Amino acid sequence: MRDDLASRLQALEDREAIRDLIARYGPLADGGEAGDLAQLWTSDGIYAVGGMGEAQGHTAIAGLIEGAVHQRLMQDGCAHVLSPIAIELDGDDAVAVGYSVVFRHDAGEFVVERVSANRWSLQRGPRGWQVHRRDNALLDGTAAARALLSLPAARRRR
């Protein structure tokens, strides 16, 4: 019973740490905190942004925030809003799936810039939970974008 309680508590703590990690992304992106945002990833982590390529490592991931596309968004006024996520834990690895919407301020109102499916592959290491890979794809009707939203266990049950 004690081991069961300890493992259930650990799972709750892991899920909360992962939710907190992912929740930090939007405010860091909108605040232009490129270095802090990049630290959400492992040192060899990858951020694959549909339609914009992949960035690997802290310097490249920070470069996405420092780049012209993101800087224009920030100058207009933007909000990266992430949905609640579904999480599947597997020891020191985890997968989380959910949605993101990027709003941009335009002519006195906010317009939707991008709506995406997101799959976060995470690892627990010496610094706690970090993103090892994030795949982000526009929800444009393609099967590839929808596939990002499926958790591994859900695929095994099919």
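The paragraphs below walk through this structure, from its core to its surface.

This is a predicted model, where local features need pLDDT of at least 70, side-chain atom pairs count only at pLDDT 80 or more, and totals for chains, interfaces and linings use all residues. Residues are numbered from 1 along each chain as its sequence is written, and side-chain values use heavy atoms, with hydrogens and water left out.

Start inside. In soluble globular proteins, nonpolar side chains tend to be buried together. A nonpolar core here is a set of buried Ala, Val, Leu, Ile, Met, Phe, Trp, Tyr and Cys residues joined through side-chain atoms within 4.5 Å. Buried means under 20% relative accessible area, exposed means over 50%, and partly exposed lies in between (1.4 Å probe, protein chains only). The largest nonpolar core has 25 residues. Within this core, I18, Y25, L37, W41, A96 and L122 touch the most other members. Which elements each supply at least two residues of this core? They are α1, α2 (34–38), β1, α3 (58–66), β5, β6 and β7 (128–138). The largest share is six residues, and it comes from α1. Helices (H or I, at least four residues) and strands (E, at least two) are DSSP runs, numbered from the N terminus.

Now look at the rings. Rings of Phe, Tyr and Trp (its six-membered ring) pair if their centres lie within 6.5 Å; planes under 30 degrees apart count as stacked, over 60 as edge-to-face and the rest as tilted. By this rule there are five aromatic pairs. One of them joins Y25 and W120. Y25 sits in helix α1 and W120 in strand β6, 95 residues apart. Y25 is buried because its relative accessible area is 5%. W120 counts as buried too, at 1%.

W120 has another partner. The rings of W41 and W120 have their centres 6.4 Å apart and their planes at 35 degrees, so this pair is tilted. W41 lies in strand β1 (residues 41–49) and W120 in strand β6, so the pair ties together parts 79 residues apart in sequence. W41 is buried, with a relative accessible area of 0%. Ring pairs link Y25, W41, Y47 and W120 into a cluster. A charge also sits over one of these rings. That label needs NZ of Lys or CZ of Arg within 6 Å of the ring centre and within 35 degrees of the ring normal. R134 lies over the face of Y25, at 4.4 Å from the ring centre.

Next come the charges. Side chains of opposite charge can pair when their charged atoms come close. A salt bridge is a side-chain nitrogen of Lys or Arg within 4 Å of a carboxyl oxygen of Asp or Glu. The whole structure holds eight salt bridges. One of them joins R124 and D14, at 2.6 Å from N to O. R124 is in strand β6 and D14 is in helix α1 (residues 2–30), 110 residues apart. Are these two residues buried or exposed? R124 is partly exposed, because its relative accessible area is 27%. D14 is buried, at 6%. A network of salt bridges links D14, D92 and R124.

R104 makes bridges as well. It meets E113 at 2.6 Å, N to O. R104 also bridges to D106, with the closest N and O atoms 3.9 Å apart. E113 is partly exposed at 41% relative accessibility, and D106 is partly exposed at 35%.

Finish on the surface. Y99, V112, V115 and L139 form a nonpolar patch there, with about 330 Å² of accessible area together. Patches are made of residues with over 30% relative accessible area and no salt bridge: like charges are joined within 9 Å, nonpolar side chains within 5 Å (Val, Leu, Ile, Met, Phe, Trp, Tyr). Accessible areas come from the Shrake-Rupley method with a 1.4 Å probe; for residues, only the protein chains shown count as cover. V112 belongs to strand β6.

Two loops remain. A107 lies in the loop between β5 (93–106) and β6 (109–125). It is exposed, because its relative accessibility is 78%. Most residues other than glycine have a negative phi, and most peptide bonds are trans. A107 has a positive phi, near 50 degrees, and is a residue other than glycine. G141 lies in the loop between β7 and α5 (143–147). G141 is exposed at 56%.
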